[in-house]
Amino acid sequence: MTMQRARRLASTAVVAVLAITGLAACQQSPDVAAYVGGGTITEDRVQDIYDQVRDELTAAREQAQQQKGASAEPLPPLTMPIKQQDVLNTLLTVDVLRKSAKEHNLQAADSPTVEQVAQARNYSPQWEYTKLYTETYRLRTALQGAVKPATLTDADLRDVHSRLVKGGIADPSTTFEQFKNTLSPENKSLLETYAAMRGELTKIVADEKVKLNPRYGNQEVVLLSAQGSDGKDVPLIVLPFAGDDESGDPYVTDVSAVADVA
């Protein structure tokens with residue numbers, strides 16, 4: 001199966017950024033979640049956004065329990081739709097994408113709206129997290145049409161082909177040459193665009209000297225992924241960042257925006 005047979009391509013704006021090999025500064029300042037370009041994202045900032053979601057959902061659960069009556073079975077425990085890592089990743093992503101948009105003299109796109117994202121993700125449109133999350137979509141949409149497509153090397157394409165095979169989207173019997181020669185113009189264009197975006201974001205992250213508190217672990221930004229018939233996403237264009245524990249699995253926030261590809 002070639003890439004043309006993958007049903008959809010998802011672009012995951014995503015999320016977070018940071019790479020460190022020790023981070024003495026954060027160890028000295030435990031109230032700092034991340035350092036970005038001379039500024040900081042505090043633990044309080046992350047917690048406030050997280051707490052808004054938790055408090056509203058807790059209140060809604062308690063109200064629903066009261067409406068059922070004292071004799072009713074207890075409702076299941078609250079399951080949070082986000083983690084603190086998601087909050088920090090989204091704050092970092094917005095910061096980096098804003099800087100990239102500024103370099104291109106761009107404003108965020110008009111869509112999707114906060115209400116549309118809230119409905120799609122089952123979030124409240126009143127949450128600050130939802131508003132920040134929506135901004136990652138809008139900024140990525142604006143940048144997608146502005147970045148100059150990168151020239152794909154065989155190494156780039158081999159990595160994509162390998163990921164498609166390992167992810168069960170491409171037939172293992174499909175050789176690299178077959179994949180390369182049958183890659184559709186639409187999918188090739190997507191790969192070129194997001195490879196270019198990865199290059200730009202890599203430079204911004206380096207210039208900003210982004211550093212993360214070790215408690216947030218490893219991070220990985222998935223810029224483009226393919227989704228097959230089983231509904232699972234397979235990362236294709238990835239910007240990895242090692243946290244304090246380089247041996248651990250990277251933390252990835254799911255902010256997939258799926259686009260159908262003919």
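Pro-112 sits in the loop between helix H3 (84–103) and H4, and a cis peptide bond, with omega at about 5 degrees, joins Ser-111 to Pro-112. The model is a predicted one, in which local features need pLDDT of at least 70 and side-chain atom pairs count only at pLDDT 80 or more, while totals for chains, interfaces and linings use all residues. Residues are numbered from 1 along each chain as its sequence is written, and side-chain values use heavy atoms, with hydrogens and water left out.

Taken as a whole, the protein comes to eight helices and seven strands; these are DSSP runs numbered from the N terminus, with helices (H or I) of at least four residues and strands (E) of at least two. Of its 262 residues, 45% count as buried, where buried means under 20% relative accessible area, exposed over 50% and partly exposed in between (1.4 Å probe, protein chains only). Among contacts with a separation of 6 or more, 77% come from residues 24 or more positions apart, a contact being heavy atoms within 4.5 Å.

The loop that holds Pro-112 also holds Asn-105, again between H3 and H4. Asn-105 is not a glycine, yet its phi is positive, near 55 degrees. With 71% relative accessibility, Asn-105 counts as exposed.

Now for helix H5 (residues 128–144) and its partners. The axes of H5 and helix H2 (residues 43–68) come within 8 Å and cross at roughly 110 degrees, which makes H2 roughly perpendicular to H5. On the H2 side, Arg-45, Ile-49, Gln-52 and Val-53 make the contact, and on the H5 side Glu-128, Tyr-129 and Leu-132 do. Sorted by class, that gives four nonpolar, one polar and two charged residues. Here Ala, Val, Leu, Ile, Met, Phe, Trp, Tyr, Cys and Pro count as nonpolar, Asp, Glu, Lys and Arg as charged, and the others, Gly among them, as polar. Axes are lines fitted to C-alpha atoms, for helices over the stretch in contact, and angles run from 0 to 180 degrees between N-to-C directions. Angles under 35 degrees count as roughly parallel, over 145 as roughly antiparallel, 65 to 115 as roughly perpendicular and the rest as oblique.

H4 packs against H5 at about 105 degrees, with the axes 9 Å apart, so H4 too is roughly perpendicular to H5. Val-114, Val-117, Ala-118 and Arg-121 of H4 meet a set of H5 residues that includes Tyr-133, Thr-134 and Tyr-137.

The structure holds five aromatic pairs; rings of Phe, Tyr and Trp (its six-membered ring) pair if their centres lie within 6.5 Å, with planes under 30 degrees apart counted as stacked, over 60 as edge-to-face and the rest as tilted. Tyr-123 and Tyr-133 form an edge-to-face pair, because their ring centres are 5.6 Å apart and their planes lie at 70 degrees. Tyr-123 is in the loop between helix H4 (114–121) and H5 while Tyr-133 is in H5, so this pair ties together parts 10 residues apart in sequence. Tyr-123 counts as buried at 9% relative accessibility, and Tyr-133 at 0%. The rings of Tyr-133 and Tyr-137 are also edge-to-face, with centres 5.5 Å apart and planes at 70 degrees. Ring pairs link Tyr-123, Trp-127, Tyr-129, Tyr-133 and Tyr-137 into a cluster.
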